[in-house]
Amino acid sequence: MTVTVDVGDLDIRVTAQPLTQEAFAPFGDVITNPRPDLHPAAAAASPLPPNAISANQGSAIQYRDVSRIRDLYSQAPSGRSIPKMSMFVCAARKLLPADKASEGRFRVGIMERHPFTTQTFTPITSSASRYLVIVAPSLAPGVQDEGLPVPTAGHGLPGRGLPDARGLRAYVAESNQAVTYGAGTWHSPMVTLGEQGTALDFVVFQFASGEGIEDCQLVEFRSAGSREPRIDVVIPGQMLSPKL
Ligand SMILES: NC(=O)N[C@@H](O)C(=O)O
C-alpha cells in the first residue's frame with residue numbers, strides 16, 4: 001500500500017555525510033570491521049575489543065553482536081514471520097546537477113519502512129562500490145497513517161507516523177560497510193552511486209510475513225499543482241570521485 005503525501009512547497013536540501021555508526025545510531029547500525037589494523041595472527045597477543053574473541057584456531061577474529069536484529073511480527077496482524085535472505089542488484093542512479101559541478105543531487109520521491117523487522121543490506125564486490133543511505137524520523141501519528149499496522153510495544157521503535165522530510169538524513173557508505181535499518185525506520189529505496197551502467201549487489205536479511213502491508217509500507221511525496229516535490233540530497237564531490 002502506498003500513501004501519497006502532499007508536501008506542498010517544501011524545499012529541502014540535505015548534504016550527505018560519511019556513514020559512521022555514531023551519526024547513523026538513531027536509525028540503525030553500521031557493520032564494518034572495527035579494527036582493520038588488527039590481523040587475526042596478532043590477536044592472541046593483543047588486547048581485543050570487548051565483543052571480540054579469537055576464533056578458528058587463532059586464524060580469525062569473531063566480533064559478536066555487530067548489529068541488532070529484530071523480529072516484531074508477533075505484534076503484527078498476521079502474527080507470523082519467516083527469516084528471509086535475498087539479493088538486491090542495485091543499478092547506479094542517475095544524479096541531477098547540483099550547485100557545484102563536482103556535486104551530485106538525488107531527489108527523494110519515495111520512502112518505505114518495514115515496521116516489524118530490521119533489514120540488513122550487506123554489499124558484496126560489484127562494479128560499483130558506494131551507496132547512499134537516506135533515512136527520516138517519523139512524524140506524530142496522523143489520519144493518513146491510521147491504517148498502517150506498526151508494533152505497539154518495543155524499546156526504541158519509531159512507532160506510527162509518516163516520514164518527517166524535514167528531519168531527512170543522508171549518508172555515503174563504502175562497500176566495506178553493511179547497514180541495518182532499524183525496524184520501522186523510514187528509508188529511501190537503495191541508491192547506488194557510481195558510473196552509469198555499474199551496479200552494487202547486496203545480500204539482504206530481514207523477516208517477513210508475506211502480507212504486503214506488514215512487510216513494506218510506502219510513501220510517495222507529491223506536490224500540489226504541477227511542481228515536483230523538492231526533497232533533495234546533495235552528494236559532495238569528494239564522495240563521488242573514485243577512491244584513490
Ligand atoms: N531499501 C531498499 O532498497 N528496498 C527495500 O527496503 C525493499 O524491501 O524493497
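Me: Let's start with Q57. Buried or exposed?
Reply: Q57 is exposed, with a relative accessible area of 81%. Keep in mind that this is a predicted model.

Me: Where is Q57 found?
Reply: Q57 sits in the loop between strand 5 (52-55) and strand 6.

Me: And what about phi of Q57?
Reply: Q57 has a positive phi of about 55°, although Q57 is not a glycine. For background, most residues other than glycine have a negative phi.

Me: What is phi of D65?
Reply: Phi of D65 is near 50°. That is a positive value in a residue other than glycine. D65 is in the loop between strand 6 and strand 7.

Me: D65: buried or exposed?
Reply: D65 is exposed, because its relative accessible area is 77% and exposed means over 50%.

Me: New topic. Which residues are around the ligand?
Reply: The residues there are F88, E112, H114, Q119, F121, H187, P189 and M190.

Me: How many of that shell are nonpolar, polar or charged?
Reply: By class, the shell has four nonpolar, three polar and one charged residues.

Me: Which polar side-chain atoms lie by an oxygen atom of the ligand?
Reply: One belongs to E112, at 2.3 Å from a ligand oxygen atom. Q119 has a polar side-chain atom 2.7 Å from an oxygen atom of the ligand. For H187, the distance from a polar side-chain atom to a ligand oxygen is 3.1 Å.

Me: How much of the ligand does the protein bury?
Reply: The protein buries 83% of the area that the ligand exposes when taken alone. That area is 270 Å².

Me: Where does T180 lie?
Reply: T180 is part of strand 14 (residues 178-181). T180 counts as buried, at 1% relative accessibility.

Me: What polar contacts does the T180 side chain make?
Reply: One is with the side chain of S67, at 2.7 Å. Another joins the side chains of T180 and T120, at 2.8 Å.

Me: On to salt bridges. How many are in the whole structure?
Reply: A search of the whole structure finds twelve salt bridges. In general, side chains of opposite charge can pair when their charged atoms come close.

Me: What does E211 form a salt bridge with?
Reply: E211 pairs with R80, and the closest N and O atoms are 2.9 Å apart. The pair links distant parts of the chain, 131 residues apart. E211 is in the loop between strand 17 (199-208) and helix 3 (212-215). R80 is in the loop between strand 6 (60-63) and strand 7 (82-91).

Me: How accessible are E211 and R80?
Reply: E211 is partly exposed, with a relative accessible area of 34%. R80 also counts as partly exposed, at 43% relative accessibility.

Me: What about E174? Where is its salt bridge partner?
Reply: E174 meets R130 in a salt bridge of 2.9 Å, N to O. E174 is in strand 13 (residues 169-174) and R130 is in strand 12 (residues 130-136), 44 residues apart. E174 counts as partly exposed at 21% relative accessibility, whereas R130 counts as buried at 10%.

Me: Which residues do shared partners join into one network?
Reply: Salt bridges that share partners join R105, R107, E228 and D232.

Me: And K100 with E103? What is the N to O distance?
Reply: Their side chains meet in a salt bridge at 4.0 Å, N to O. K100 is exposed at 53% relative accessible area, but E103 is buried at 19%.

Me: Last one: F116. Where does F116 lie?
Reply: F116 is in the loop between strand 10 (110-113) and strand 11 (119-124).

Me: Buried or exposed?
Reply: F116 counts as buried, at 0% relative accessibility.

Me: Which residues is F116 in contact with?
Reply: Leaving aside neighbours within four places in sequence, the contacts of F116 include R70, L72, Y73, P77, P149, P151, A183 and E214. The C-alpha atoms of F116 and L157 are separated by 9.7 Å, and these residues are 41 apart along the chain.

Key:
Residues are numbered from 1 along each chain as its sequence is written. This is a predicted model: local features need pLDDT of at least 70, side-chain atom pairs count only at pLDDT 80 or more; totals for chains, interfaces and linings use all residues. Side-chain values use heavy atoms; hydrogens and water are left out. A residue is near a molecule or strand if one of its heavy atoms lies within 4 Å of it. A polar contact is a pair of N or O atoms within 3.5 Å; within protein, one must be able to donate a hydrogen and the other to accept it, and residues adjacent in sequence count only if both atoms are side-chain atoms. Accessible areas come from the Shrake-Rupley method with a 1.4 Å probe; for residues, only the protein chains shown count as cover. Ala, Val, Leu, Ile, Met, Phe, Trp, Tyr, Cys and Pro count as nonpolar, Asp, Glu, Lys and Arg as charged, and the others, Gly among them, as polar. Helices (H or I, at least four residues) and strands (E, at least two) are DSSP runs, numbered from the N terminus. Buried means under 20% relative accessible area, exposed over 50%, partly exposed in between (1.4 Å probe, protein chains only). Contact means heavy atoms within 4.5 Å.
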